[in-house]
Amino acid sequence: MDLSSTPGPQPMSAAAGDVTGAAGATVSTIGAAPDDATLMLRYRKGDVRAFEMLYERHKGSLYRYLRRLCRSQEAANDLFQEVWSKVIASRERYEVRAKFTTFLFHIAHNCAIDYFRRAGRPQEKGAQDVDALADELPGPGHESPDAALSEAQLRADFKRALDELPAEQRDVFLLYEETGLGLEDIGRITGVAMETAKSRLRYALGKLRGALRQHQSPTLQSSVS
C-alpha cells in the first residue's frame, strides 16, 4: 500500500477509505476536537474522519523521529508508511491501554529496530537531519560575520553531539523531544524500565549540555535542564 507519492507525510484519507469501506465507513461531524483515544475508537468503528484527524496531529512528530533516527530519507519514508499501515491494520483490535502516542511510537520504534536488523547493521549512532532542532536555537544577535560564524559553530557542535550519542540514548532523546511523553511511556515504547529510560535521557542531555555550554544558549540550556 503506497501511502505517499512524495517524500514526507502526505494525506491519508484515501488509504483510510480503502481499508474501511467494507465496514461501511462513516464521516463524523466533530465540534470540539476529541482526544486521541476517542478518535481511534471512532476509527475502529469505521470513522474515516477520525483517522484523518489522528494522522494530522501526529504525522510531523512521527516523521521527524523516523527521519532523524534512520539518517535516511528513503528509509524514513518507507517506515512512515509502514507505521501507519500497521495502525490501520490494528484498528479493529485497538484498546485504550495507554496513550495513543505511546501506541503509535511503540509501533514506530519496533519498525525502526526491524529496519536496522533487516539492513544487517545495528541502530546507527547519529542524527543527520537536525535542522528542526537547529531552528529552535537562538539566532545571531545581528548580521555581523562574527555572529554568523558563532551560529554556524553552534549548529555544528550540536550536530556533532547528537552524532556521538549512543544509539539507546539518542532514541530516548528523540522520543522525549518529539512526543512530549513522560519517562514511563518512553520506557514502554523502548522496552525498558522507567529508571533505565531516565538514566539514558539524563546521559544524553548531559552530553548535549556539555557540548553546547560554551555557546551560553539560554534556549538550549533550558530545554536540556
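Is the crossing of H4 and H5 right-handed or left-handed? In this predicted model the crossing of H4 and H5 is right-handed, a crossing being left-handed if the near helix is turned anticlockwise from the far one by less than a right angle, and right-handed if clockwise. Residues are numbered from 1 along each chain as its sequence is written, and side-chain values use heavy atoms, with hydrogens and water left out. Because the model is predicted, local features need pLDDT of at least 70 and side-chain atom pairs count only at pLDDT 80 or more, whereas totals for chains, interfaces and linings use all residues.

The chain has eleven helices and zero strands, where helices (H or I, at least four residues) and strands (E, at least two) are DSSP runs numbered from the N terminus. Of the 225 residues of the chain, 43% count as buried, a term that means under 20% relative accessible area, with exposed meaning over 50% and partly exposed in between (1.4 Å probe, protein chains only). Among the contacts in the chain with a separation of 6 or more, 66% are accounted for by residues 24 or more positions apart, contact meaning heavy atoms within 4.5 Å.

Two packed helices are described by the angle between their axes and the distance between the axes. For helix H4 (residues 73-89) and helix H5 (residues 100-118), the axes come within 9 Å and cross at roughly 130 degrees; axes are lines fitted to C-alpha atoms, for helices over the stretch in contact, and angles run from 0 to 180 degrees between N-to-C directions. H4 and H5 are therefore oblique to each other, since angles under 35 degrees count as roughly parallel, over 145 as roughly antiparallel, 65 to 115 as roughly perpendicular and the rest as oblique. Residues of H4 including Leu79, Val83 and Trp84 meet residues of H5 including Phe103, Leu104 and Ala108. By class, this contact of H4 with H5 has 13 nonpolar, no polar and three charged residues, where Ala, Val, Leu, Ile, Met, Phe, Trp, Tyr, Cys and Pro count as nonpolar, Asp, Glu, Lys and Arg as charged, and the others, Gly among them, as polar.

The axes of H5 and H9 come within 8 Å and cross at roughly 35 degrees, and this crossing is also right-handed. Thr102, Phe105, His106 and His109 of H5 make the contact with Asp185, Arg188, Ile189 and Thr190 of H9, and these residues divide into two nonpolar, four polar and two charged.

Leucine 66 touches Ala76, Leu79, Phe80, Val83 and Ala108, when residues up to four places away in sequence are not counted.

Methionine 194, which lies in helix H10, counts as partly exposed because its relative accessibility is 41%. Its C-alpha atom is separated by 5.7 Å from that of leucine 183, eleven residues apart along the chain, and methionine 194 touches Leu183 and Glu184, not counting residues up to four places away in sequence. Alanine 33, in the loop between helix H1 (13-20) and H2, is exposed, with a relative accessible area of 59%. Leaving aside neighbours within four places in sequence, alanine 33 is in contact with Met53 and Arg57.
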